[in-house]
Amino acid sequence: MNRLKCLAFGIVAGGLVALSSSAIIAQQTPKTNPPKLRISGPAPGSAPQLSDPKHPASETVPAFIEWASRSGIKQRDEVRRMIGTARNDSAVARELCREVSAREKTDLSRTLVSLSILGELRNSEGEKCLTAFLRQPFPKGGTVANGEIVEQTSLGVLQAKAVDGLAFAHTETGDREVLQAAGAHPSRIVRAEAINAYLWNHHDSKAARETLLKIVRPDERSFLDRPRLEPGISREEFNRRLAVYAKLHLAPRPVKHAPGKLTVAQSVSDGIAPKPSPTPSPAPPQAKKGDR
Amino acid sequence: MMRTAICRIALVLAITAVLPFGASFAVCDQTSVSQADSDLWALHGCWQDFFLWQYQEYNFSSDNWGNRGWNDACNDNFEYPKAWNAAFLTTYGLLDNNDQSFHGTTDYRQLAEAPDSNFKDSVYYDATDATDIFGSFTYHWPGDDEITLSCNLFNANVLNANPASRSGDSMHEGWHGWLTEGNWDNGSAGGHRPCTKHPDGTCTNGACTVNGCDYFYFHGIGAYAFGALWQTDGTANRFHSPNQVQVEYLCDVSDQPQPWVPASVRQVAAADAAQRSAQRFINGPGYTCGSPRPWN
């Protein structure tokens, strides 16, 4: 009996050693440590007023954008609250709109922040600005990089943010624009976000799905089912939804290259393979004399 | 690595010899910096100890970055300072939340940094003025593999010119290194699957609408221990594609950042993840990160 216990102990101990060594392999860390984090810059500090009767919007809006842009994730509710207090100030909406127009071709990340504030504002003049932004002509061509047209993607991303604002407005006119975009906007980025935003702002209701199903492209109905990793969702719930979705959208088994040296084209990813230097063409085939 | 360095020095000397005196290389827009770059930069205020560590850990050299801010590393108009600003985000910016993050800092660092690891062979970084790519990965034998970053990751008028997208591109290109190391065939369109052109001018492959498509090998949160992203069982159950790794990284920046990561960086990370999820997956779209509330 003791011998059996000893054997069992040995097996368990051996297993634990093997497990711990595999865990070490799995969690191999980078080889050199970076310096200990030191953040030297000033913290964003207290929020400046977005709407302030003592100062024109041309002063308060840029200052607020700078502050909000630097705010951290734990300040998210505070930023929303600050924006909410300016809801009825149309001068703020007009200044944000001017900011968007002035920067959309030069600084995409600032424009994204300005559009986020404008959408969160839920002001009627802001809604008009977002509508006009969404309706601006979509570029048909431009710089192709890794298969996408850079100008289309850039504007598509900004227009998707405008759609978020229109859906959040929860007005009849806003919803109409969102539904129009969900079915007919030339950018798939915008159509996808319009579907997502419409559903979210209607609590993913059955009625909202039915409305969307009437207008979305048949090949984009799957956009209605995709999981959303949003704040508050538990890992278990997200994983459950993802598993259901993944079953409907299977990927095939990965394949390997044939063994051997990679070709020049295979050795370059996302770039253009260098042209191999021309090799002298071999002499053409010829028949021996008298072989005819 | 040594042999590569010697080759590169020889190449630079050779090019210098044939260039007329005073000739200069074209470079990206060195007069602008995006809001997201400025916001992150303001937090470290140009941290010398970090970039003196970073250039070694990422194998940057003056040969490749000399006219891109190598000798002006605190001027964030230049490409090199923007590159190390992105590395700062990867190194310190993630929360590593077991209950919500797809992968951990250890995964993303090993994928982006130069040394060889379970993820890939050793790499070095350079830059190109070409605007027909965001980045590229080139396999070299012998010597280090090459990750190239383009002006589209530096010029502020392009969406991707921000620390999140720039470091996200390092994940994407690094993952090509992983595919190469394992001899995986991810397709013939620059390491991705090609799309098929239609008479109306569109180009599709399943739900993918650009020429450079991947599969999304969906996995739940917690499916990979932190540090285990490199693992595969050779089936679609446990595998990643370059765009997938990029989306997962961007989602982790957007949704699970350190409290000090600026909103501009988080928002642009979410936007990049969303456009990639919508456009680049054959069995897509991928999931969405965060909520569509405007201020998120």
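**Asp39(B) is buried in this predicted model, with a relative accessible area of 2%.** Buried stands for under 20% relative accessible area, exposed for over 50%, and partly exposed for values in between (1.4 Å probe, protein chains only). Asp39(B) belongs to helix α2 (residues 35–44) of chain B; helices (H or I, at least four residues) and strands (E, at least two) are DSSP runs, numbered from the N terminus. Not counting residues up to four places away in sequence, Asp39(B) touches Ser69(A) and Arg70(A), together with Pro262(B) and Ser264(B); a contact is heavy atoms within 4.5 Å. Cys195(B) is 156 residues from Asp39(B) along the chain, and their C-alpha atoms are separated by 38 Å.

**An open sheet of 4 strands takes in strands of chains A and B.** Its order is β4(A)-β2(B)-β3(B)-β1(B), with mixed pairing; strands count as paired if DSSP finds at least two bridges between them. Strands β2 (residues 135–138) and β3 (residues 145–150) of chain B are antiparallel and share 4 bridges. Phe137(B) has Ile147(B) in β3(B) as its bridge partner. Helix α7 (residues 163–181) of chain B lies across β4 of chain A and β1, β2 and β3 of chain B, at about 20° to β2(B). Axes are lines fitted to C-alpha atoms, for helices over the stretch in contact, and angles run from 0 to 180 degrees between N-to-C directions.

Pro285(B) is in the loop between α9 (263–279) and β6 (288–289) of chain B.

**Asp204(A) and Asp270(A) have positive phi values.** Phi is near 50° at Asp204(A), in the loop between α9 (188–201) and α10 (206–215) of chain A. Asp204(A) is partly exposed, at 40% relative accessibility. At Asp270(A), phi is near 70°; this residue lies in the segment after β4 of chain A and is buried, at 8% relative accessibility.

**Gln152(A) lies in helix α7 (residues 150–169) of chain A.** Gln152(A) is partly exposed, with 22% relative accessibility. Leaving aside neighbours within four places in sequence, Gln152(A) contacts Phe138(A), Pro139(A), Lys140(A) and Gly141(A). Ala182(A) is 30 residues from Gln152(A) in sequence, and 17 Å separates their C-alpha atoms.

**Residues 1–24 of chain B have pLDDT below 50.** Chain B has a mean pLDDT of 91, with 91% of its residues at 70 or more; pLDDT is the predictor's confidence in each residue, from 0 to 100. Residues 1–24 of chain B make 15 contacts in the model beyond near neighbours in sequence. Where pLDDT is low, the predicted coordinates should not be read in detail. For the complex, the predictor gives an ipTM of 0.90 and a pTM of 0.89.

**Notes.** Residues are numbered from 1 along each chain as its sequence is written, and chains are lettered from A and ligands numbered from 1 in the order in which they are written. In this predicted model, local features need pLDDT of at least 70, side-chain atom pairs count only at pLDDT 80 or more, and totals for chains, interfaces and linings use all residues, while side-chain values use heavy atoms, with hydrogens and water left out.
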